[in-house]
Every structure is written in structure tokens, then in C-alpha cells.
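Please examine the fold shown below.

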Amino acid sequence: MAAGGEQQQQAHRPGLYKQKNKQHKHGKHRTKGEIERENKGRVAVMALSKKQRRELKKLDRRHKANQLRRNKKDMVLNEKRRLGSRDGPPHLVAVVSLHAAVDAGAVTQILRGEGIGGVLHEDQGVKGAKDSFGLVLPRFKQRFTFYRSDTADLHSLLDVAKVADSLVFVLESTEGWDSYGDYCLSCLFAQGLPSHALVCQGIADLPVKKRAESRRALSRLTEARFPDARLFPLDSDQDAVLLLRHLGAQKQRRLAFRSRRSHMLVQSASYTLNSTLNDTDRPPTGLGTLRVSGYVRGCPLQVNRLVHIAGHGDFQLSQISAPVDPLPINTTSSHPAKPARGGDVEMMDGSPEGEERVLMKADPAVRESLQAEAEVDPMDGEQTWPTESELQEAEEARKIKKVIKVPKGTSDYQATWIVDEDDEEYEEEEEDEDDMDSCDDDDDDADEIMEDGDVENESQDGDFGKNGEDVEEEEDEEQEEISSTGRVRFDLKYDEGMDETEEKDGLQRYREARTQEMFPDEVDTPLDIPAKTRFQRYRGLKSFRSSPWDPMENLPLNYSRVFQFQNFERTRRRILAEAAAEEEGAMVGWYVTLHIEDVPPSVIESFQAGKPLVVVSLLPHEQKMSVMHVLVRRHPSCTEPIPSKEELIFQCGFRRFRAAGLFSQHTSGDKHKMERFLRDDAPTVVSLYAPITFPTAGVLLFKQRDNGMQDLVATGSLLSCNPRRVVLKRIVLSGHPFKINRRSAVVRYMFFNRDDIMWFKPVELRTKWGRRGHIKDALGTHGHMKCVFDSQLRSQDTVLMNLYKRAYPRWTYDPYVPPALPWVKQEEPENLHEIDME
């Protein structure tokens, strides 16, 4: 009893999971012991003080921001003060005429005048160029180099604008600029416009009361293109002094693509053909060494870097030498030249005449290679031994005898070399399938082809039953009648300069563009070829946005020739940062001579013909080929359709080349839809094989006519370098509902045999009115199929099937672009009834 009583008196002990209610917040101070008991050994996170975190106080942060702002301002001011001074290169000014009735030579003639107070150096301009001269102004302590650009040669104008510090646009006093001047301005703005000034002549000849009104009218006209530009009259020496003062003191516009690369406008050049090689077994190459002299601009020039001559290609340097500066800013002998601040003592103006010192020579072990394409080993593929089943299938295929028709007396050995007609057709189909990347092949319409054929047959049948002689006699009589009456038939004169082949090609492009606009990507299923054979390279996607597509799958052979970055953006930032921090090489403002190796004679011939020669130093990897992408927008002046993969002329930074670009949409996904034509309502990405160029850089697209003229097609900027960008070409197969029973329907005209229906059965269907469905079963053997949709199908609706395949650009890169003829605006033909010449 006692033991049992003791057991009953024991209290209940709570377990580990006893409920703990939240304590009342009494608001009293807790002791350290209470806090330790609550924490139960947990240690609080150690907080860093502001000193340990290196946080500055508000006043210190303000001082730091002011210092950074002051440093940037001082850097810009130093760069501006160095331009044209003794420590920097001469101020390069290009004079551009924007109207046919304006003579830019009159502007340069006023700038040569003695009333300006400058020292003229006629022989220190660009050799071979007209109206190119040097001018030193001692009272401004500045020096200028003037170059009058030939606006008829658009390529030369763009090349000079890439390196010019300022542009002087010569306007007409009433109209400002004509149509060709507006065309040149469009190209210059798209490429990147440096600092500029507007000049007008002839205002002083007007009456005094009309001068101010004329200037205001011209200012209103130029506000659209140049909202902040100032208009300068140039009729006297005083006006010329004001213009020079403005050019030397105006704010310089920084163009990123040239400020990050060393460049120069060649002022003098000489060429030496390479002698016969020591090895008598090898013939001479026909190349030579080009020595070009000019002022270094942009950033320091490295001798081990490659250089690019605009319009001629990439080359290597052998050495850089320092001749005497031909345009010294000190013109009096009483004040000897002092060494430039921060410069080399050997670059003094007081050097012995004719002496040329070698500054640096290229190191063959360090300088960059001219290799543009990756080395491809065709035997570097994975070799696997065939399995027994593959050997057995090959043996069975060899034993199968195919009966073909051969001439009588042909042996078995000879018969094996005879190609069957069916094989030839199949090979032609394979070639057509390889060329299907062009946007024209999938859009061929049998009806249009038949219509074209009928028209051609009608044209070949003669003049509807008349003999050729009778027609010629009637034409002669008609011409005699016209000459006797004194009237001229406008249609005969209008047809003299017309190219019938170009007209037919243009008509075909307009028809294809109109069909693409009305029925985007729709393709007719062939009747004579199974659809699964014709579209065997295409596949369906459940979702264009989220469905996976391996970017390394089934790459073409040309992709083995290009280079790829692991992270292009990271490499770009690193290379540009290293280029900005370089302090070795030929410094900015030095007058140097570059010895360029293995240059063809065409370069010196172009320079001697009066065309400008622009040399730019390339950044690392910029000579290598890759897949470049540029973002462009169609120019309003271009009205004709531009199909994808058509060969165009590209102006990308300092480079100019020809290539066939692939158009695609500018979207944010990992897959991008190909565009068959250049759109005019949205920006378009153009993918092409081209040398690597680090953004930013302006891009211009030109199309060359058959007569040699070039039209501006689109303008934009460089986007990226990414061979892994997936561009998908879409085709749409269409069918029509035959019988509709609520959600299910019988669809025909999409396929024409049962095998094609079963082959494409997994692909999802959609309609133009937003219904989605799938193929349930094939009905019969003539292409009818039963389909089920997510909602009621209308009889007016059209059933569609989207198929995709990856598209690649064509390798048509050509660095040599022929010169463009002067641009002529195409005018509309006049009314026939208004042509009456007495």
C-alpha cells in the first residue's frame, strides 16, 4: 500500500514537445541572464562598423563625387586643348559641299587668304588630293589641315568623315542642300557625325535689308537636321577668322569606334616592290612595302598590332619611324622649338632635316597573325567501326539489282557508270534542298510560273501573226511620219535606257514580297513529291518560345572556319579596358611613318589617283572571321523589296565589304524567326560572316545597281558576335475544312497521301482564327484527315501547320568593294499627254 501510494503522489513531467505559449511583453528591461537563457548558447552575428565597411560620410562622398567630376572635366579639356596645338595632331577639317550649285573650292580659297594672319603650307596637306593644305595660326596657337572631300565618291567621303575632327558643310543660300546632299547627310548621321559647322556664301551680295531675313530662313531650314548648329557666312577674311576660331574652340563629339582605335589619314606615301626572294624555286609575290606618313590620332599606336587600310584589307607592320614634323606650330627662328609636354625629346621640331629615326620594330614572336579563319582538319572527325547490322544492310543493298536501260553491247562494268534519269532527278532535288535557304525557293507558286510562261510564249510568237519584216517596215514608216509632223513619241525615248532583265527581276521580287505580306510563310505542298521528303529538314515545335533547340546541332561546314568567344561581352570589356590603359607605342599627335608589309600595288595606285587613304590599328581578334549580327532599320528612301541573303555592301566601322546577310526578328528569346524580306515597320537583325568588330560601331547597308550606282538600304549599329544565335526559318502548310462536326473536322488539301499524314501527325495544328488542335487519323488515301480542335471550327477558317528549320547565312564575304558611281535620284516619268515637242 505504501509503495503504491508513493507512485500515485509522483508529479507528471512534461516531454520535449510541450507547448510553449508566447510570453507577455511586459516592457521591462531584460537582464543579461534572461537573454542568455533565451538564446541558449546562440551567438549573435557580428556587425561590421562603418569604418570596417569603409563607408564614407556624407561630406566625404560629396567630395569624392566632385573629384571624379573634376577629373573627367579636366581630361576632356586637355584632350580638346591638345587638338590642333603643339602637343596634339593638327585639327583635321573636311570641307563638304551639300548642293550642286555650291563651289566648295571657293571656301578653301578664302581660308588660304593672307588676311587671316596664318602661315600657309601648300605642300603639307594630303599628297595627291585637291585643295588640301596646312594652316598654322600663331595668334591662336593652333594648326589646321584642310581637306576638300569629293562628294561624288561616297566611299571617299565616308572614309574622310571617319577620321576628321570637324566637318564644314557648305550650303546654298536659298535651298540649303539638294537631294544628293540629303542622301550624304543620311549616310553621315548613320555612320557617326563628328563636330561640324555650317557655312553659307552669297549672303553679302544681297541687299542689307534682306540679309537678316535670308539668314533666318536658312536657319529655319537647317533646324531639322542641325538643331544646335550655328550658321556662318563666309564672304570675307573676317568671316574666315570667326569660322577658324569656332572650329578650334567648339566641343568635340566623341565617336566610340574611332576613339578606341589608333587611326590616321595618310598625308604622304611611297611604295617599294619586294625584290625576288632568295629561294629561286618560289616566284615573286607581286607585293611590296608601303610607307605611309601621318599624325597618330585616337590612342597610342602599337607596332605589333595589325592595321587595316579602309577598302583594301588587313596588314602587318614591320616598324614605326619618326620623320620631321612637316607642320610645326613655331614659325619664327628666334624662338627655338621646345620639346612637347609629355612627349619624346626626339620628336622635337628642331631635328635635322631629312633625318628619320626608328622608334620601334615589330617582334615576330609577339605580333599578331593575319590568320582570319580557323584551321579545319577534314579527317578530325570521330571514326567509328560499323556494326554487324549496318554491314549486313549494306551487303543486301549491294545485292539488289536495279534494271536500267543501256545501249546494246554495253558491258556490266560500263553499265555501272551510267547514271539513271531518276538518280539525276533525285540529285537535282537534293541540290535544290541545299539551296532552300534562299527565301525564293519555298514560295514558288505553280500558277505564277504558268502565267510567266504564257507571257513568254506570247512574246516569242511574234506580233500576233505578222512577219518581222512587215513590222520593221511599219515602224520605219511610223518614225518617218513622226519626224515629218515634228512630234516625238515619249514611249520610244523612255524605253531606250530600260533594262528588260532588271524589270523582270524587279517584278518577280514585288510579287514575292506581296505574297509574303498577304500569306506569311505559306508554302504549297507539292503533288509529285511526298511532303515528308520535301520537308524532311523541318520539324514542329510545341512552343516557339519555350521548346528547346540545340544550337550546336547539325552545324554547316562553314562554322568550322569561324571563331567563337566563351563570353563575348566579357572579352569586349576586357579588351577595351586594356586598350584605354595602354601608354606605350607611338603617342597621339606624333608624326610617324608606318612600314606596312605585303601590300598590293593597287593601294598606292588608289592614293596617287587622289583618293584618301585611312589606316586604323585593329584591336586583338578583330582580323578573325565569325558570325556577326547587326541591328538595322530600313531607310525611308529605299522602296523596293530587299530579300534575305541578297548580296549587299556593308560599312561597319572602318571596314567596307560585301556579304549576303540573313534577316531575322529582333526578339529577346533564344530562338529568332527568319524574315524573308527586310521589313520597313520594325528593326531587323542581319546575320553574316564577317571579321570580328567590337561594338559600338555604325553600320550602313548599300545595294549596288547594275549600272554601278549604290543605294542606301538600311542604317543601324553593330549588335554582337554570336555563332550560337539560332535563326529559324518557318514554313506554313495550309488546309481547308471539308466537313465540320463541332470540335472535329475533316481537313483536305494540306497533304495528298496517307503516309504524309501519319508522318506529320505529332505536329500541332492551329487556325487563322486562333483554334488549336491535332491530327486524329487519316481518312482514305488521298490526303483527307480527321482533326480535333479545342473549340468549334468555322467553315471560313483555315487550318495551318508550322514547321521550322535552322537557317544560316551564306559565306560570300568579299573585302574588295568597287567604287560607287555618283548617285542619281530616280525621278517619276512625266505624263504622256504633256510631251509635245514642236
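Among contacts in the protein between residues at least 6 apart in sequence, those joining residues at least 24 apart make up 78%. The model is a predicted one. Its secondary structure amounts to 20 helices and 32 strands, and 42% of the 838 residues of the protein count as buried.

Consider next one of the sheets. An open sheet is formed by 8 strands, in the order β21-β23-β18-β25-β24-β19-β20-β32, with antiparallel pairing. From one strand to the next, the twist averages 35°. Within this order, β18 stands beside β25. Strand β18 covers residues 625-634 and strand β25 residues 710-721, and the two pair in the antiparallel sense over 7 bridges. In this pairing, L631 is placed opposite S717 of β25.

The discussion now turns to a helix. Helix α7, residues 208-222, has 15 residues. The distance from its first C-alpha to its last is 22 Å, close to the 21 Å expected at 1.5 Å a residue. Which residues of α7 are buried? They are S214, L218 and T222. Viewed down the axis of α7, the buried residues fall within an arc of 65°, so they line one face of the helix. On the face turned away from the buried side, α7 carries the exposed residues K209 and R220.

How many disulfides does a search of the whole structure find? The search finds 0. A disulfide is a covalent bond between the sulfur atoms of two cysteines. For C184, the closest cysteine sulfur is in C187, at 6.5 Å, which is too far for a bond, because a disulfide requires the sulfur atoms to lie within 2.5 Å. C187 is likewise in no disulfide, its nearest cysteine sulfur being that of C184. Both residues are buried: C184 has a relative accessible area of 1%, and C187 has a relative accessibility of 0%.

Methods. Residues are numbered from 1 along each chain as its sequence is written. This is a predicted model: local features need pLDDT of at least 70, side-chain atom pairs count only at pLDDT 80 or more; totals for chains, interfaces and linings use all residues. Side-chain values use heavy atoms; hydrogens and water are left out. Two strands pair if DSSP finds at least two bridges between them. Helices (H or I, at least four residues) and strands (E, at least two) are DSSP runs, numbered from the N terminus. Axes are lines fitted to C-alpha atoms, for helices over the stretch in contact, and angles run from 0 to 180 degrees between N-to-C directions. The expected span of a helix is 1.5 Å times one less than its number of residues. Buried means under 20% relative accessible area, exposed over 50%, partly exposed in between (1.4 Å probe, protein chains only). The arc is that of the directions from the helix axis to the C-beta atoms. Contact means heavy atoms within 4.5 Å.
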